[in-house]
Amino acid sequence: MPRFVVQEHHASSLHWDFRLEHEGVAASWAVPKGVPETKGQRRLAVQVEDHPVPYMKWSGTIRAGYGKGKVLIWDEGTYDLEKWEDGKIVFELHGKRLEGRYALIRTDGKNWLIHKTR
């Protein structure tokens, strides 16, 4: 079963890195206000570069350059994939904190909405 992780990232501005293991990489989004925990909530998710899968287990301090700051694992677990299409990803998270069905929907370029649907 594929894995997901949410990393709390204390960079120049606090945000959460949401990553889904998919086709050998960790597809990644920066979520400024955190992944929604309540049904019906929507949050901006900015797509960033894919990361290597082993990075999903990493926590620590990035000392220099882009992304400098402390990284903590906020939640992790597995997910069931329902749909992965260009511009729309639907999945069910099974984490320690996050449980339920979510959708990532592209709105413009690298901007997506992450939406808890149940």
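Arg43 is buried (under 20% relative accessible area, with exposed over 50% and partly exposed in between; 1.4 Å probe, protein chains only) and yet has no salt bridge, the nearest side chain of opposite charge being that of Glu37, 6.5 Å away. A salt bridge requires a side-chain nitrogen of Lys or Arg within 4 Å of a carboxyl oxygen of Asp or Glu; for charge, Lys and Arg count as positive and Asp and Glu as negative, while His and the chain ends are not counted. The model is predicted, with local features needing pLDDT of at least 70 and side-chain atom pairs counting only at pLDDT 80 or more, whereas totals for chains, interfaces and linings use all residues. Residues are numbered from 1 along each chain as its sequence is written, and side-chain values use heavy atoms, with hydrogens and water left out.

Arg43 belongs to strand 4 (residues 42-52); strands are DSSP runs of E of at least two residues, numbered from the N terminus. Apart from neighbours within four places in sequence, Arg43 is in contact (heavy atoms within 4.5 Å) with Val31, Lys33, Gly34, Val35, Pro36, Trp112, Leu113 and Ile114.

Trp112 also takes part in ring pairing. Rings of Phe, Tyr and Trp (its six-membered ring) pair if their centres lie within 6.5 Å, with planes under 30 degrees apart counted as stacked, over 60 as edge-to-face and the rest as tilted. Seven aromatic pairs are found by this rule. In one of them, Trp29 and Trp112 are arranged edge-to-face, at 5.7 Å centre to centre and 80° between the planes. This pair links distant parts of the chain, since Trp29 lies in strand 3 (residues 25-31) and Trp112 in strand 9 (residues 111-116), 83 residues apart. Both tryptophans, Trp29 and Trp112, are buried.

Tyr79 and Phe91 form another edge-to-face pair, with 6.1 Å between centres and 75° between the planes. Tyr79 in strand 6 and Phe91 in strand 7 (residues 88-95) are 12 residues apart, and their pair likewise links distant parts of the chain. Tyr79 counts as buried because its relative accessible area is 1%, and Phe91 is buried at 1% relative accessibility. Ring pairs join Phe4, Phe18, Trp29, Tyr79, Phe91, Tyr102 and Trp112 into a cluster.

Asp75 is located in strand 6 (residues 69-85) and is buried, at 2% relative accessibility. Beyond four places in sequence, Asp75 contacts Phe4, Val5, Val6, Gly95, Lys96, Arg97 and Leu98. A polar atom of the Asp75 side chain lies 2.8 Å from the backbone nitrogen of Leu98.

Definitions and conventions. Helices (H or I, at least four residues) and strands (E, at least two) are DSSP runs, numbered from the N terminus. A polar contact is a pair of N or O atoms within 3.5 Å; within protein, one must be able to donate a hydrogen and the other to accept it, and residues adjacent in sequence count only if both atoms are side-chain atoms.
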